[in-house]
Amino acid sequence: MFVFRHRFVWMGIVVAGVLALIVATVLVNSERRSDSRSAGAAAPGIVSEPRSLSLPRLRLPSRPEKLLVFGDSWTEGVAAAPTTKGFAYQVGRTLNVETVVAGVGGTGWVNPGPNGDGDYPRRMTRAASDPTVTLLLLQGGIYDVEKPAGVGDAVRQTIVNARSKFPNAQIVVIGPIPINPDSSGYARMSSNIGYEAGQAGAYFVSPVVQKWINDQTFPGFLDSSNNHPTTAGHTYIANMIVGSLRQFARDGQSVAQ
């Protein structure tokens, strides 16, 4: 009887040990699966570093390639004397490249304009395809400030439409240019436009962040009778754009993901 009890006790110890080993193995494997699922995720209370995408260095166009500047009345050259001294034309002359200017007054990313010309996505679908366009500047947002809803979607769709029309074009988006030194009313929309441009693989120039319009640059910049740049104002915009393009050609651009 004593021997039986002794064997029974030892069998119980062995079984308990085996069960403990099985449980431990299951727990370890479970933790490994959990770690695998959460790999790359920040632990509670820890802010992960924002990811960024680096766009390559911009290649500036050269003849017989073309520059296309697409935008609103500011792109048209309104208030410049003559109109061909508008910033879009001046950028083309500085780069010494054939330039196509497609500006329609009052239109915007979501604003169809007073004459129903269509918002930017719709206007872009009507553009004539041209594989010789290797640089496309998309300027806008000024006429969207009062009703900015949907601007982000419109930026993405405009870029999609542009790539179908101009398959060889590098795209640079130029955010809204404030009409006075107080740019606070443009900041949120400009940031939204920049984010969507970056997600679509386009370069972005932010006149708001770069403070193009400030107390020093504002005098003489705007024709107060029509809220459009003077000839000198157009020259200033052209110089700022060319400076940004040359920086992209030298350094590329990093955009948040």
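Buried means under 20% relative accessible area, exposed means over 50%, and partly exposed lies in between (1.4 Å probe, protein chains only). This is a predicted model, in which local features need pLDDT of at least 70, side-chain atom pairs count only at pLDDT 80 or more, and totals for chains, interfaces and linings use all residues. Residues are numbered from 1 along each chain as its sequence is written, and side-chain values use heavy atoms, with hydrogens and water left out.

**View 1. Tryptophan 74 pairs with phenylalanine 221.** Rings of Phe, Tyr and Trp (its six-membered ring) pair if their centres lie within 6.5 Å; planes under 30 degrees apart count as stacked, over 60 as edge-to-face and the rest as tilted. The count by this rule is 5 aromatic pairs. Here the pair is tilted, at 6.2 Å centre to centre and 55° between the planes. Tryptophan 74 sits in helix H2 (residues 73-76), and phenylalanine 221 in the loop between strand S6 (203-205) and strand S7 (222-223). They are 147 residues apart, so the pair links distant parts of the chain. Helices (H or I, at least four residues) and strands (E, at least two) are DSSP runs, numbered from the N terminus. Both tryptophan 74 and phenylalanine 221 are buried.

**View 2. Phenylalanine 221 also pairs with tyrosine 236.** The ring centres are 6.2 Å apart and the planes lie at 85°, so this pair is edge-to-face. Tyrosine 236 belongs to helix H7 (residues 231-251). The pair ties together parts that are 15 residues apart in sequence. Is each residue buried or partly exposed? Phenylalanine 221 is buried, because its relative accessible area is 3%. Tyrosine 236 has 21%, so it counts as partly exposed.

**View 3. Phe70, Trp109 and Tyr120 form one aromatic cluster.** The charged end of arginine 123 sits over the ring of phenylalanine 70, 4.2 Å from its centre. A charge sits over a ring if NZ of Lys or CZ of Arg is within 6 Å of the ring centre and within 35 degrees of the ring normal.

View 4. Most residues other than glycine have a negative phi, and most peptide bonds are trans. Proline 64 lies in the loop between strand S1 (52-55) and strand S2 (66-71). Proline 82 lies in the loop between H2 and helix H3 (87-95).

**View 5. Alanine 79 has a positive phi.** The value is about 80°, although alanine 79 is not a glycine. Alanine 79 is in the loop between H2 and H3.
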